[in-house]
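Please look at the sequence together with the model before reading on. The paragraphs below lead through it step by step, beginning with a single pair of residues and ending with the contact between chains.

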Amino acid sequence: MADPIIRCERVTRTFGNRTALDNVTLTVEPGRCFGFLGPNGAGKTTLIRCLLGLARPTSGNIVVRGFDISREPAAALARVGAIVEEPRFYGYLSGRQNLELWAAYVGDDAISRVPALLSRVGLDARAGDKVSAYSLGMRQRLGVARALLSDPEVLVLDEPTNGLDPDGVAEFRVLIRSLVEQDGRAVFISSHLLDEIEKVCDDLAIVNQGRVITSGTLADLIAAGGRELRVECDDAARAEALLRALPTVTAVTVSADGTLSVQLAPDSIETRAGVNRKLIEAGLAVSRLEPREDSLEERYLALVHEAGQA
Amino acid sequence: MIAVARADLRRMLARRGLILASVLVPVAIVLVLAAVLMFLHVRNAVDHPTVGGSSFFSFVSLLGIIWVVFGTVIGAIFGAEDVANGTLRYILLTGFSRLRLFLTRIPVLAIVAIGVALPAFVLLLIGALILPHAGEPSVTASEVGRLLLSLVLNVGIYALIAYGIGVAIRSTGGAIAVALGLNLIGISLFNLITLAVPGVKPWLLDSALTRVSDGGDTSIAIAIVVLIVWPAVFLAIGLVRALRTEA
């Protein structure tokens with residue numbers, strides 16, 4: 001596996017008595033979209049500000065592209081693009097003039113990338129308009145174009161779809177996936193929007209009250225949750241008694257229409273087939289056996305709730 | 001750094017309202033002055049024989065306060081805008097350091113603040129040369145040089161002080177208010193110290209500006225030191241804040 005493009009090790013940030021980040025450890029791999037999911041005030045923006053060198057962690061290390069952000073910020077940020085909180089521009093300049101200005105700060109041949117970037121984010125037709133006349137969605141897209149000026153290996157986006165209309169959200173999602181799949185860039189997105197994370201991210205960490213409560217691939221995270229089977233057969237009462245006796249079954253409920261909801265232990269790999277075999281061996285006619293995994297929303301709510309109780 | 005300075009200069013000049021007002025208000029004052037004097041001259045050339053010449057050019061001192069006001073506003077905006085606007089963090093994310101940013105903008109600010117004053121200065125000079133001034137001494141090259149030096153020093157220094165204040169205060173409106181208050185009233189109030197301690201007079205900014213552009217019997221070396229130290233103090237305050245501020 002390639003070296004992580006972002007590595008946070010036991011990052012803590014306090015503001016007076018308040019701990020905004022508490023021993024946060026996570027890694028972002030190249031060519032992956034990483035979601036940093038948490039409720040408002042969980043510490044998402046604080047971590048982003050720390051990993052971009054805009055704020056200093058109270059303790060812990062952040063390594064970006066192999067460089068410690070505290071000791072070698074210029075090297076670490078040389079190929080990092082970002083939108084923090086919201087994309088800010090000079091409203092009295094046009095979109096193109098804004099990008100040309102930032103291209104001067106970036107240096108190298110960034111200026112030569114401006115037309116292509118405007119085209120990529122779909123702003124070439126409005127590039128001559130003043131940014132003060134842009135909608136939020138247009139400013140977000142211009143923000144992505146600015147973040148791409150340095151041809152970054154990793155993009156860091158803080159709540160990038162906040163305030164966008166549904167069309168804008170969909171367009172933004174396509175843009176992000178193209179950055180990951182076509183360009184091979186890593187994208188780090190913080191958000192409190194489950195739907196957004198679920199649709200664009202490969203990996204994620206869930207943060208609550210400054211602590212990472214879980215992290216991993218999206219698929220693993222969902223699979224680690226409780227699993228359920230919906231079963232319909234010709235004798236619900238017998239089936240219920242039979243299934244309750246199975247060690248891999250944690251709970252069984254029967255609805256008014258006779259459908260059984262069977263809660264399976266998360267670590268069992270053959271439970272679905274086992275349940276089916278058991279029912280058939282008992283002479284029951286199984287007409288439906290439908291697996292149902294937790295949604296990200298259910299997993300998120302369960303984990304945040306557990307963390308809150310702990 | 002030159003590419004950044006050039007880009008920042010273009011950005012400042014794109015603030016059309018501010019730049020046009022800074023250029024046109026002094027120009028309008030010169031034109032109104034010329035029109036009023038010409039009217040008086042045409043109406044009664046005996047009582048008003050002179051319109052141009054050295055006396056017309058001396059209106060530079062009248063415009064001085066206007067130029068200082070605009071230089072102060074431009075300096076304060078230039079210093080405070082990026083933090084107030086939220087654009088500073090995006091500049092820093094390019095890897096361009098706070099120190100380089102702070103230093104790059106000093107010559108850009110001087111060019112803009114002095115540049116916006118020049119059209120009115122040139123117009124005043126043209127008026128002094130072409131308007132009737134029978135019997136009045138014409139404008140000399142040394143006088144032009146002296147007043148130009150005065151313009152450059154006054155506008156440049158007050159703009160730099162405002163820039164330091166702007167960076168330190170980080171709010172555009174607040175920076176403008178504080179810088180105008182300091183530059184127009186505060187620094188003059190320092191002159192009251194001379195009533196109690198006459199010996200400090202050479203160390204005051206106003207005295208040093210007058211000494212360098214108009215001459216005098218105090219030390220020119222002290223005056224030059226004062227002209228460096230006064231803006232340097234405010235720039236240092238701004239720089240300390242710039243280096244410590246979380247964007």
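This is a predicted model: local features need pLDDT of at least 70, side-chain atom pairs count only at pLDDT 80 or more; totals for chains, interfaces and linings use all residues.

In general, the strands of a sheet pair through backbone hydrogen bonds, in either a parallel or an antiparallel manner.

Stepping back from these two strands, one finds an open sheet of 4 strands in chain A, arranged in the order β2-β1-β4-β5 with antiparallel pairing. The edges are taken by β2 (18–28) and β5 (67–68) of chain A, and because each of them has a single partner strand, one side of each is left without a neighbour in the sheet. Helix α1 (residues 44–51) of chain A lies across β1, β2 and β4 of chain A, and its direction is at about 115° to β1(A).

Elsewhere in chain A, two helices pack against each other. Helix α5 (residues 136–147) of chain A meets helix α6 (residues 166–181) of chain A at an angle of about 10°, their axes being 11 Å apart. Angles under 35 degrees count as roughly parallel, and α5(A) and α6(A) are therefore described as roughly parallel to each other. On the α5(A) side the contact is made by Gln140(A), Arg141(A) and Val144(A), which meet Glu171(A), Phe172(A), Leu175(A) and Leu179(A) of α6(A). Sorted by class, this contact has 4 nonpolar, 1 polar and 2 charged residues.

How much area is buried between chain A and chain B? The value is about 2200 Å², with carbon and sulfur atoms giving 57% of it, and the contact takes 26 residues from chain A and 25 residues from chain B. On the chain A side, Leu54(A), Tyr92(A) and Tyr105(A) supply 32% of the area that this chain buries against chain B, which is more than any other three residues. Across the same interface the rule finds 1 salt bridge, and the side chains of Glu85(A) and Arg89(B) meet in a salt bridge with an N to O distance of 3.0 Å.

Methods: Residues are numbered from 1 along each chain as its sequence is written. Chains are lettered from A and ligands numbered from 1 in the order in which they are written. Side-chain values use heavy atoms; hydrogens and water are left out. Axes are lines fitted to C-alpha atoms, for helices over the stretch in contact, and angles run from 0 to 180 degrees between N-to-C directions. Angles under 35 degrees count as roughly parallel, over 145 as roughly antiparallel, 65 to 115 as roughly perpendicular and the rest as oblique. Contact means heavy atoms within 4.5 Å. Ala, Val, Leu, Ile, Met, Phe, Trp, Tyr, Cys and Pro count as nonpolar, Asp, Glu, Lys and Arg as charged, and the others, Gly among them, as polar. Two strands pair if DSSP finds at least two bridges between them. Buried area is the accessible area (1.4 Å probe) that two parts lose on being put together, summed over both. A salt bridge is a side-chain nitrogen of Lys or Arg within 4 Å of a carboxyl oxygen of Asp or Glu.
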